[in-house]
Amino acid sequence: MEGFNADDSHPQAIEIADQVMASMGGRAAWDNARYLSWTIFGEDHVWDKWTGRFRWQGDSTVVLMNIHTMEGRAFKDGDEITPANELLAGAYRDWINAGYWLLMPYKLKDSGVTLGYKGEETMANGHEAHVLTLRFDGVGLTPDNGYDVYVNKELNLVEQWSYYADADADEQPRFTTTWEGYESYGGIMLSDTRAVVNSESNVRKVSNLGVYSELPDSVFEDPNQISLASLTETGAY
């Protein structure tokens with residue numbers, strides 16, 4: 001991809017990243033997946049990948065914006081909030097963070113990413129994995145972050161990751177979670193479970209997962225809370 005740090009990335013890591021994309025459905029399927037919905041950390045997200053339109057819902061607050069232009073509006077219980085700058089910025093941060101928790105395997109070769117190859121390890125589930133390192137060159141809201149990404153050697157799917165708040169300074173990751181529950185949605189693979197390794201009770205589920213060929217404009221215009229579960233009745237693959 002344009003902007004990917006290919007010159008600084010490990011050749012084997014690049015090859016593995018390409019294999020991950022193929023196993024997840026392929027670049028064409030990812031590019032053709034227009035609308036996505038998901039709920040994580042108690043917040044709802046609907047994203048139009050093609051135009052940048054984005055709907056965020058949390059508690060009684062709704063933010064309707066475009067993540068490309070940063071323009072939008074915010075509402076509480078259907079009433080508009082002005083000024084909305086802080087809520088727009090917060091929704092944008094959440095699009096980045098919550099989106100990464102869902103879509104990281106598709107972003108291994110994003111602009112500004114440098115991929116390293118750390119070797120082979122056994123994951124918490126007992127499967128053998130190639131371990132990639134992700135580092136960022138001045139991109140995103142937290143460029144000092146880093147990740148170790150564990151790719152199942154047989155399936156070429158990401159099944160575990162470790163997070164470093166400061167990739168240069170942290171000797172140990174802040175947390176390690178699994179990536180489980182893969183299913184196909186509209187031709188692309190998405191995982192719905194993040195379980196903290198060695199903490200069986202600490203499990204986060206991604207719900208209301210959907211990939212849609214069509215959604216009504218009202219999804220990105222209605223200031224009132226909507227049910228993401230109902231979206232599957234309108235345009236899901």
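Predicted model: local features only at pLDDT ≥ 70, side-chain atom pairs only at ≥ 80, totals over all residues.
Local features were considered at pLDDT of at least 70 and side-chain atom pairs at pLDDT 80 or more, while totals for chains, interfaces and linings use all residues. Residues are numbered from 1 along each chain as its sequence is written, and side-chain values use heavy atoms, with hydrogens and water left out.

Buried here means under 20% relative accessible area, exposed over 50%, and partly exposed in between, with a 1.4 Å probe and protein chains only.

Helices (H or I, at least four residues) and strands (E, at least two) are DSSP runs, numbered from the N terminus. The end C-alpha atoms of α3 are 26 Å apart, which agrees with the 27 Å that its 19 residues should span at 1.5 Å a residue, the expected span being 1.5 Å times one less than the number of residues. Among the buried residues of α3 are W95, A98 and W101.

F41 lies in the loop between β1 (35-40) and β2 (43-48) and is partly exposed, with a relative accessible area of 32%. Leaving aside neighbours within four places in sequence, F41 is in contact (heavy atoms within 4.5 Å) with N97, W101 and R204. F41 and R204 are 163 residues apart in sequence, yet their C-alpha atoms are 7.8 Å apart in space.
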